[in-house]
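Here are my notes on the model, point by point. Have the viewer open while you read.

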2 protein chains.
Amino acid sequence: MSSKQPVAIVFDTFGSVVDWRSSLIAELTVFGAARGVSADWTALVDAWRAAYHPSMDRVRKGEQPWTTLDTLHRASLDQLVAEFGIKGLSEADLVHINLGWHRLKPWADSVAGLTRLKSRFIIGPLSNGNVALLLNMAKNAGIPWDMIFGSDLFQHFKPDPETYLGVATMLNVAPGQVMMAAAHNNDLARARKYGLMTAFFPRPQEYGPHQKRDYAADQDWDVVATDIEDMASKLGV
Amino acid sequence: MSSKQPVAIVFDTFGSVVDWRSSLIAELTVFGAARGVSADWTALVDAWRAAYHPSMDRVRKGEQPWTTLDTLHRASLDQLVAEFGIKGLSEADLVHINLGWHRLKPWADSVAGLTRLKSRFIIGPLSNGNVALLLNMAKNAGIPWDMIFGSDLFQHFKPDPETYLGVATMLNVAPGQVMMAAAHNNDLARARKYGLMTAFFPRPQEYGPHQKRDYAADQDWDVVATDIEDMASKLGV
């Protein structure tokens, strides 16, 4: 059990709490079959996620005004549907597919681990998702967040400091009283740079066969756990 | 049961969900006795609350930059402690007393009613309190909010339209898909003006012997209930 304890723990969401890749592939496969629309849905999902960082970087660099992740996702989807030559999707279908990010499924340990952590700490997502996306996801999946720290609250995407430090300001605590928890070492490195505590747990299946990193902690994070249930145990709850 | 249903229900908090007056009087009476500080705590609490609207109005009118309710509460407290001639309170005591707003107790039906409503609707406070205040209150009292719509998210106090409409924007729904619930007719009148649905339930003990209004609905609000449990029943949950 770690001796120093945070007041609040904020979680990276896509990949760390929910399994975006398997969730979207499963949903699109069923949806495509039901609609009679054939496509390489697995490749589409991987390409969609690959468009994620470049799309946010255009906002982060000021090339584009503040835009929610829902809107960025939709623009990337439209482009990929054209590139993949997928035919037969209506506007309602595209809206539905885009909202697939609101219906992502948690990893097996996520809800149980977060429920334990909630008994002692303030818990919330600190995600590049917007509030509507993260809140609908929580309602669908039964994720018991106390507060939703969507990127639209800060009008900044991670790893901009306004996100990590914005949580501390909003909670009226010091950055060192907030713990960032993630399956991504680079997210934790930024959080540590801005004075937050850190917790790592790996999600080696996040990218399926394309996983290239984050199999293990690459710094001495304050907590290193096998998953969110183990993280709760290591924090003594 | 109302036929048209909202996506989200947001609640006024002070007076509508929690009993600020009895909570603060009880806490200060015990605290004063333990510290050996004597004062007319009931009169102090009533005067503290009376300073609430004027203090926010200075921000709303632009006479003062954005200031959280925690900070406004503290400034009013300092002034009243001096006016009442209360002696013997340390800085730590004043911090503790000011955080009494984070420890307010819910009315008897609040948690049960909100828990029922949460099973079908997104629920959150839409309050002049800041996120830290409302979140600590929820953790202390077991209030199961999905999201905390603190006034600091909008940098506006009610009844500014940025608050009511800000919820709809953040949830990516139309104003008419959001229901404002409150024990205060004037809050609902503003919400209705900006296109929100409305729900009223009275809290006739909110101001104790000083209650002057809000014993009953003064418009045909979409839902009129006796309390939050009854509101859940009227919405069919």
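1. Before going on, some ground rules. This is a predicted model, where local features need pLDDT of at least 70 and side-chain atom pairs count only at pLDDT 80 or more, while totals for chains, interfaces and linings use all residues. Residues are numbered from 1 along each chain as its sequence is written, with chains lettered from A and ligands numbered from 1 in the order in which they are written.

2. Helix 4 (residues 69-83) and helix 5 (residues 91-98) of chain B pack at about 125°, their axes 10 Å apart (axes are lines fitted to C-alpha atoms over the stretch in contact, with angles from 0 to 180 degrees between N-to-C directions; helices are DSSP runs of H or I, at least four residues, numbered from the N terminus). The two are therefore oblique to each other (under 35 degrees is roughly parallel, over 145 roughly antiparallel, 65 to 115 roughly perpendicular, and the rest oblique).

3. Who meets whom there? On the helix 4 side of chain B you'll find D70(B), H73(B), R74(B) and L77(B), facing L94(B), I97(B) and N98(B) of helix 5 (contact: C-beta atoms, placed from the backbone, within 7 Å). By class that is 3 nonpolar, 2 polar and 2 charged (Ala, Val, Leu, Ile, Met, Phe, Trp, Tyr, Cys and Pro are nonpolar, Asp, Glu, Lys and Arg charged, the others, Gly among them, polar).

4. Now the two chains. Chain A superposes on chain B by a rotation of 180° with 0.0 Å of shift along the axis, RMSD 0.0 Å (least squares on C-alpha atoms of residues with pLDDT of at least 70 in both). That is the relation of a two-fold axis. In chain A, M147(A) has the C-alpha nearest the axis, at 2.5 Å. Both copies use the same surface, with 100% of the contact residues of chain A recurring in chain B.

5. As for the interface itself, each chain puts in its share: 15 residues from chain A and 15 residues from chain B. On the chain A side, helix 7, helix 8 and helix 9 (161-171) each supply at least two residues, and helix 7 of chain A has the largest share, 5 residues. That side of chain A has 10 nonpolar, 1 polar and 4 charged residues.

Note on methods: Contact = placed C-beta atoms within 7 Å.
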